[in-house]
Amino acid sequence: MKLLGRLILRPLARDKARTLLTILAVALGVAVVVAIDLAGDAATGSFRSSMETLSGKTDLEILANGGIDEKWIGVLDSLPVNATFAPIVEAQGIVDGVGVPIYGVDFVANAHGGMPDGPAGATISKALAERLHLTPPAALVVKIGGRERRIDIGRAVDAASAEFLAVDIADAQQLLARYGKLDRIDVTVAPSENFARVEKAVRAALPAGYLIEKPGVRNEENQRMVRAFRWNLRVLGYISLVVGAFLIYNTIAVSVVRRRAEIGTLRAVGASRGTVFGLFLMEALILGAAGSVAGVFLGRVLAAGVVGLIAQTVNALYISSRPTPVELTAGEAWTGLLTGMTVALVSAWKPSREAIEVPPTEAMSRGAHEHRAVLRWRRSLAWAAIFAAVAGAMALAPAWNGYPVGGYISALLAIAAMAFASPAVVLAVDRITRGITRRRAESLLAGRSLTASLARTSVVVSALATAIAMMASVGIMVASFRETVALWLDVQLRADLYVRAAVRSGAGEYPPMDAHVPALVAAIPGVAAVDDFRAAEIHYSGERATLGAGNMDIVRRFGRLRFLSGEDRDAILRSLTGHHRAVVSEPFALKHKIHAGDRLRVPVGVQMVELTVAGIYYDYSSSQGYVIVDRSTMLKYLPDLPVTNAAVYLAPGTDAESVRREIQLQAATYGVAVARNSELRRASIEIFDRTFAITWALEAVAILVAMLGAANSLLALVLDRRRELGLVRFLGGSGRQVRGMILTEAAFLGLLAAILGVVLGLALSLLLIYVVNRQSFGWTIQFHLPGGLLAAAVVSVWMVTVLAGLYPARVAARMSPIEAIQEE
Amino acid sequence: MPVSRLELRGVCKTYHNGSQPAEVLHDITLSPASGAVTAIVGRSGCGKTTLLHLAGAMDFPSLGEVRIDGRATNALSDGELTALRRTRIGFVFQFFQLLPTLSAVENVELPLLLARALGARERALERLRWVGLEEKADSLPYQLSGGQMQRVAIARGLVHSPDILIADEPTGNLDTASGDQVLALLRAAAVEFGATVLMATHSAEAAAIADVRVHLRDGRIQSIS
């Protein structure tokens with residue numbers, strides 16, 4: 001313990017600025033990982049409907065696309081089993097501009113369950129009542145399907161933070177115009193009853209197309225649906241930790257070099273290699289633990305800010321979720337702590353080994369250490385080539401269990417290849433720029449100092465380059481994706497106007513439009529064609545997808561659906577009408593390994609229907625995927641399936657704005673929203689931009705960590721070169737020139753990092769686009785190089801690096817040259 | 001005797017180590033002559049190095065003043081002091097203090113680069129030639145012997161043709177033969193360039209080449225011979 005205090009703790013306390021910078025870097029790395037996890041949990045942890053929370057234990061759920069005919073309640077009730085069957089209708093209403101779930105439940109049947117018995121009228125959750133300042137009994141105006149309805153509220157129930165309205169099922173069916181239809185049936189098995197027997201009896205009684213599952217399956221399914229998204233976020237978060245790892249490595253390496261005399265003395269007086277090794281690992285562990293503890297708390301704070309961003313993306317891409325409060329569990333706190341400490345230990349391993357490899361008689365000088373680094377640059381370059389080759393091979397590996405594991409490993413190996421190539425690049429850049437740098441004292445000394453501290457310079461350059469690469473690669477990926485989506489929107493959105501129910505809805509929700517609307521719109525002068533689209537949720541191979549139906553004849557004549565290369569668009573669309581044929585979206589095809597000509601069995605209403613895949617089309621609106629059939633096929637099985645939206649094609653020369661006004665006028669009573677092509681396109685791009693807000697936030701943290709690293713490292717260089725800096729003052733250098741030297745070093749570091757970062761960034765962007773995104777989400781993205789954005793990223797990181805040099809430069813300029821020169 | 005460019009008048013230097021003041025130099029008055037070598041002789045810790053730092057305008061007296069060309073150093077701004085070091089003062093150290101990452105000629109060139117002087121490389125090569133090490137111009141310090149390193153350091157100290165050359169134990173780390181070579185160069189600097197050479201040493205051989213020897217003891221001038 002005494003040794004630890006003298007050799008490790010005391011120097012850490014003496015170098016407060018550097019110690020704090022290292023701890024802060026680890027803290028930020030850990031904070032990002034913790035925040036992403038916590039915020040991810042909070043943003044996606046609320047897929048369970050608030051109704052489930054209220055109604056208590058349910059053993060099975062029955063679901064069907066197109067709704068469940070309520071006659072099946074009678075069939076189920078007559079089964080010779082000891083179980084109750086609760087019908088449920090779900091919808092979304094709008095109160096004060098905010099979406100509120102409305103549940104239609106059987107109040108009579110539920111009187112013995114979780115739902116309180118009481119006077120007639122709807123039930124409101126206390127959280128919603130409080131927000132609306134409403135005390136039952138009271139009347140509430142709710143917008144349902146675009147129309148305002150008055151609901152009498154009879155009572156309030158406590159359901160924690162959940163906001164909802166519950167009305168009697170008959171009232172709900174009337175309000176929603178879903179006569180005789182249910183959205184779900186909840187099954188509760190009596191404790192004395194055999195669960196398997198009930199399940200078997202229910203399955204036997206119901207049509208094949210109905211889905212019977214245990215509660216929680218849906219939640220798990222939702223979680224599974226967003227897991228690729230969450231994994232990718234997590235991996236992005238870990239990059240900050242990788243940047244932090246480089247810094248720990250650097251701190252311990254500096255620590256070893258600085259204490260070379262102490263190491264020599266310790267070994268000479270009998271300390272074993274193990275003791276010395278342990279001491280340096282302990283230093284890393286102390287820094288790691290301090291950083292991790294701070295990181296866990298910081299992560300909890302960051303999570304609260306990030307949860308909204310993640311929820312936005314989940315809502316836009318997957319399914320409606322309501323963020324729950326961020327909760328830091330002991331498990332998550334420990335995970336954060338262990339992650340930070342493990343990263344610290346792993347990063348410190350190599351420099352700690354170096355501390356014990358030197359015999360006690362040979363003082364481990366910075367020169368010797370750095371000299372070895374210079375001698376080994378060829379070997380390092382060879383390793384870089386090997387890592388790059390293996391990275392290339394791993395990129396070709398198929399997805400493992402739905403995860404792009406090969407892509408992740410490839411990315412890590414690419415980072416390693418860059419780190420191993422950095423000594424050679426530092427030396428090469430120094431060689432190339434010598435003619436220029438030797439003209440001024442500041443640049444001459446800065447350039448030489450960096451090559452003289454090659455091992456350390458390489459690590460800092462690698463850390464910075466990783467941050468730049470992350471920024472560049474995500475920038476390229478997002479820009480490519482945005483460009484692809486914009487092009488796709490150009491092709492996809494061919495109609496002049498789009499009509500839908502004026503209801504807020506998330507992905508995976510299909511609010512119905514009044515059945516009269518399409519015909520009404522078609523009759524308006526100037527309208528050439530109306531393609532009414534119907535959508536229903538289906539389950540295919542345990543994954544959720546959308547079954548859609550449109551008028552394929554109109555799609556063929558007016559639309560521009562793009563199919564995978566080589567597939568004949570016209571022939572495919574023609575073949576759909578009147579046949580059990582479908583086209584599927586690219587993500588659906590990739591996820592389920594489906595090719596043109598394959599056969600699918602999908603539940604449509606009460607039946608399992610076999611469809612032949614006629615073609616695969618490009619789609620970027622959902623990673624879950626679409627199966628599209630002609631409307632005639634869908635209506636055969638689900639004649640009551642309501643229209644969810646309509647694409648309106650106008651005759652040439654017709655003014656879109658006047659037709660829009662006409663539709664709004666004529667369909668005012670049906671509560672529809674009409675969007676022009678350009679508005680929808682703009683809205684889609686806005687949604688796209690919102691979904692990537694979180695990635696930019698993550699990048700900002702990685703850059704911040706890298707900046708701390710650059711400051712830390714430059715400070716170490718300043719402290720190590722006190723004598724040289726003092727000498728410069730003796731030789732006529734001004735304080736300003738000393739400051740200039742350090743800032744020039746920072747600029748050099750930034751330049752080197754920019755070179756490596758851009759190269760690595762390009763490689764990582766290819767991985768993100770062609771491997772990670774494709775395997776995670778099933779999207780084919782066209783590569784697009786955003787030159788301006790890339791240049792801005794590089795310049796901004798370069799400036800950040802120079803800024804990071806300000807404090808070390810100030811320290812250098814203020815040093816006493818006499819004290820510095822007398823140190824030797 | 002030529003006119004003195006450097007004057008120390010009643011110079012005292014006190015350091016405060018905690019609450020205890022420690023007087024390192026006491027009432028030093030000295031006018032080293034131009035074109036001559038003045039040796040400050042005394043044991044380790046007698047204040048030689050402190051005196052050199054004061055004379056080189058790297059530090060300031062607690063009492064009294066150091067005047068260079070008639071101007072007191074403690075009245076000069078930081079910029080003026082830097083300019084003074086760039087043009088008027090050269091330093092030679094006991095441990096050579098060459099920058100290990102720079103070649104011999106780059107080390108010599110450094111003061112000129114810091115002063116943004118023109119023709120730095122040519123002037124550095126000329127000084128290297130003067131100390132007899134032109135052929136070692138591209139060698140790195142670790143490729144040179146101790147004597148060679150100190151000769152490079154002298155070339156660096158003289159590259160900007162300073163009026164005052166301050167040498168702190170220039171032979172302290174050298175064998176006799178190398179030491180003699182270095183002493184001969186210092187002497188030549190005084191004679192050929194007319195520089196005021198102020199050298200601290202505790203070696204009798206080094207002191208022997210000086211024109212004037214100032215004996216210091218416990219921070220006071222004991223005798224001048």
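This is a predicted model: local features need pLDDT of at least 70, side-chain atom pairs count only at pLDDT 80 or more; totals for chains, interfaces and linings use all residues.
Biologist: How many helices and strands does chain A have?

Modeller: Of the 824 residues in chain A, 52% are buried. Among its contacts between residues at least 6 apart in sequence, 85% join residues at least 24 apart. The secondary structure of chain A comprises 30 helices and 18 strands.

Biologist: What radius of gyration does chain B have, and what would a compact globule have?

Modeller: The C-alpha trace of chain B spans about 50 × 40 × 40 Å along its principal axes. For 225 residues, a compact globule would have a radius of gyration near 17 Å. The value for chain B agrees with that expectation, being 17 Å.

Biologist: What share of chain B is buried?

Modeller: Chain B contains seven helices and 10 strands. Of its contacts between residues at least 6 apart in sequence, 71% join residues at least 24 apart. Residues count as buried when 20 or more other C-beta atoms lie within 10 Å of their own. In chain B the buried share of the 225 residues is 52%.

Biologist: Which helix of chain A supplies the largest share of the side that touches chain B?

Modeller: On the two sides of the interface, 21 residues of chain A are in contact with 21 residues of chain B. Helices α16 (441–452), α26 (722–730), α27 (735–777) and α30 (817–821) of chain A each supply at least two residues to the side of chain A that touches chain B. That side divides into 10 nonpolar, seven polar and four charged residues. Its largest share, five residues, comes from α16(A).

Biologist: How many residues does the largest nonpolar core have?

Modeller: The residues with the most contacts inside this core are I248(A), L464(A), A467(A), I468(A), L186(B) and M199(B). Leaving aside neighbours within four places in sequence, L464(A) is in contact with residues including A706(A), L749(A) and T801(A). A second, separate core, with L497(A) and M513(A) among its members, has 53 residues. The largest nonpolar core has 231 residues.

Biologist: Why are the buried residues of α10(A) said to be on the same side of the helix, and what arc do they cover?

Modeller: In α10 of chain A, residues 260–268, the buried residues are I263(A), L266(A) and R267(A). They are placed on the same side of α10(A) because the arc they cover around the axis is only 95°. On the other side, A261(A) and A268(A) are exposed.

Biologist: Which residue just after α10(A) takes a positive phi?

Modeller: Helix α10 of chain A covers residues 260–268. Just after α10(A), a positive phi of about 110° is taken by G270(A).

Definitions and conventions
Residues are numbered from 1 along each chain as its sequence is written. Chains are lettered from A and ligands numbered from 1 in the order in which they are written. Helices (H or I, at least four residues) and strands (E, at least two) are DSSP runs, numbered from the N terminus. The radius of gyration is taken over C-alpha atoms; the globule rule is 2.2 Å times the number of residues to the power 0.38. A residue is buried if 20 or more other C-beta atoms lie within 10 Å of its own, exposed if 12 or fewer, and partly exposed in between; C-beta atoms are placed from the backbone. Two residues are in contact if their C-beta atoms, placed from the backbone, lie within 7 Å. Ala, Val, Leu, Ile, Met, Phe, Trp, Tyr, Cys and Pro count as nonpolar, Asp, Glu, Lys and Arg as charged, and the others, Gly among them, as polar. A nonpolar core is a set of buried Ala, Val, Leu, Ile, Met, Phe, Trp, Tyr and Cys residues joined through C-beta atoms within 7 Å. The arc is that of the directions from the helix axis to the C-beta atoms.
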